[in-house]
Amino acid sequence: MIYETSLYKELNRYWEEKIVSFHMPGHKMGRLIPDYLKEDLLRYDLTELPGLDNLHFPEGIILDSQKRTSNCVGAKESFFLVNGSTAGILASLHATMRRGDKIIAGRDSHRAFANALNLCGAVPVYIKPYFVDEYGIYGTLKTSHIERAIEENPDSKALFLTRPTYFGVCCDIKKIRELTSERGMLLIVDEAHGAHLPYSNNLPESAIYYGADIVIQSAHKTLPAPNQTGYLHVNSDKIDIENLKITLSMFQTTSPSYILLMLLDFAGEFMDKKGRKLLEDLIIINNGFRNTFKDDTKIKVLDDYCLMEGNIDPTRLVINVSKTGMTGFEFGRILHNDYKIAVEMSDIQNIVCITTVSDDVNHVKYLENCILDISRTCEESINSSNSKSIVIEELKVPDMKISPKDAFERVCEKVLLKKADGRIAKHTITPYPPGIPAICPGELFNGEVIENLINLYNHGAKIDGIDGNLMVDVVCGEEDTYE
Ligand SMILES: Cc1ncc(COP(=O)(O)O)c(C=O)c1O
């Protein structure tokens, strides 16, 4: 008898639709995972039994596998993550930063970074990435901006970078590593989108290669590995490994899934033995994809020449559809409904597709043909999509009045956004587009930020952190602190 539970039913319905996936997880519904591993999965759902080691105190099979990983990617030491890069980011900051310590960070940092600040009490100095106007997305941090931030904040203990970005843009890690080394600062790199980088010389190099102190990777995003799996790599002598192990233990479950661990182990082995060749093939396939649209008047694909600085990871396809007169949302919907293609993300101007070693030439060609097919039916639009009506203004990062942790600990109240001038933000407010925070916890609302948010809202931007009545959370007086 089959129990038609709702998740089972819906997941099966999805499976039966045979959707071609250009999203995470990178195993693409298990395409390259051999049947012997997929069948009867629950027999591997075990625990810390004799011979099966312990993720929190590894000295047997898990330690061996972690060592194999670090040898393979060139790290000093590697740790398996079963709570995603999120756990790695929380642990990295908690292990290295104390309350009041300064950390320079990209404004495009994932929310795990903001949560880490709430926990450890470090104070961020944010740098904004530059904006790629033509695509309506942020590029990456400029080296000169990092250099300036370091000069202006010589007491900073660490630099936290996201590389590659969600859009696959990689900053100049070599130069940046030199800058942090000169100042004796830690370099912590969120390489959640770059677990595949160590496996090819034709991709931007992993930060591991340049001796970043800590590099955190989500295996599940770009390797044939299941959701939640990842790595934390240490690559310097500046990290107290014993302390890091204890901290990592705080953010990982005490009942790690052996299914996840086994499949993570498989993914590493697979990448080493077969993935390298498949990645080279994928790069060639994707170059072909980019080439197809090189002179296209309606479809553009993000490439190195579109960037002010940095370079792209060729496995990430950021496809701008604004000249078709459609939004990325509309284009993504047509791909899904009419062509059975699921993209990773759509925004106003773009669709983002993740390709991994689990994709082959047929997949990518299919995507290419479907995009061509849709765009043929559209008149070239000079006005582009409605995105043009949303003007992304380059605003300064608002002044920080109290640390994110202090804001987190203070009681809040709701006020109308238009009346928030001079108040301290309790939560992050992020408009999409452009997708990076307009204001972060502890920062002061000012007229410019308020006007910009209202303007974006009126033009249809989706804004996280503001409710439907345009109310925002601001912190109350100093005496109002959660116990
Ligand atoms: C840049 C970045 N860092 C960290 C994370 C968190 O990764 P995970 O889902 O593996 O916890 C994400 C997730 O989307 C991300 O995009």
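**Contacts, ligand and sheets**

Author: Leaving aside neighbours within four places in sequence, K462 is in contact with T430, P431 and Y432. Please keep in mind that this is a predicted model.

Reader: Which strand holds K462?

Author: K462 is found in strand β20, which covers residues 462–464.

Reader: With which side chain does the side chain of K462 make a polar contact?

Author: The partner is the side chain of D464, at 2.7 Å.

Reader: And what separates the C-alpha atoms of K462 and F80?

Author: Those C-alpha atoms are separated by 35 Å, and the two residues are 382 residues apart along the chain.

Reader: Let us turn to the ligand. Which residues are around the ligand?

Author: The residues around the ligand are G84, S85, T86, I89, H110, T162, D190, A192, H193, S218, H220 and K221. By class, the shell divides into 2 nonpolar, 8 polar and 2 charged residues.

Reader: Which helix supplies the largest share of the shell?

Author: Helix α4 does, with 4 residues. Both α4 (84–96) and α8 (219–222) supply at least two residues of the shell.

Reader: I am setting up a list of polar distances. What is the distance from an N or O atom in the side chain of T86 to an oxygen atom of the ligand?

Author: For T86 the distance is 2.5 Å. A polar side-chain atom of H193 lies 2.7 Å from a ligand oxygen atom, and for H220 the corresponding value is 2.8 Å. As for burial, the ligand taken alone exposes 390 Å², of which the protein buries 82%.

Reader: Now the sheets. In what order do the 7 strands of the open sheet run?

Author: The order is β2-β11-β10-β9-β7-β3-β4, and the pairing is mixed. At the edges are β2 (77–81) and β4 (123–127), each of which pairs on one side only. On average, neighbouring strands of this sheet are turned by 20° against each other, with direction ignored.

Reader: In which sense do β9 and β10 pair, parallel or antiparallel?

Author: Strand β9 (residues 186–190) and strand β10 (residues 214–218) pair in the parallel sense, over 3 bridges. Within this pair, V189 stands opposite V215 in β10.

Reader: Which strands does helix α5 touch?

Author: Helix α5 (residues 111–120) packs on the sheet and touches β3 (102–106), β4 and β7 (158–162). The direction of α5 makes about 150° with that of β4. Another helix, α9 (residues 241–251), lies across β2 and β11 (230–234) and runs at about 5° to β2.

Reader: What is the strand order in the open sheet of 4 strands?

Author: That sheet has the order β12-β14-β17-β16, with antiparallel pairing. The edge strands here are β12 (300–301) and β16 (345–346), and each pairs on one side only.

Reader: How many bridges join β14 to β17?

Author: There are 5 bridges between β14 (residues 316–320) and β17 (residues 350–354), and the two strands run antiparallel.

Reader: Which residue has a positive phi although it is not a glycine?

Author: D40 does, with phi of about 55°. The loop between α2 and α3 (61–73) is where D40 is placed.

Definitions and conventions: Residues numbered from 1 in each chain as written. Predicted model: local features only at pLDDT ≥ 70, side-chain atom pairs only at ≥ 80, totals over all residues. Heavy atoms only, no water. Near = heavy atom within 4 Å. Polar contact = N/O pair within 3.5 Å; in protein donor to acceptor, adjacent residues only side chain to side chain. Areas by Shrake-Rupley, 256 points an atom, 1.4 Å probe, with all protein chains shown as cover. Nonpolar A, V, L, I, M, F, W, Y, C, P; charged D, E, K, R; others polar. Pairing = 2+ DSSP bridges. Axes fitted to C-alpha atoms, helices over the stretch in contact; angles between N-to-C directions. Contact = heavy atoms within 4.5 Å.
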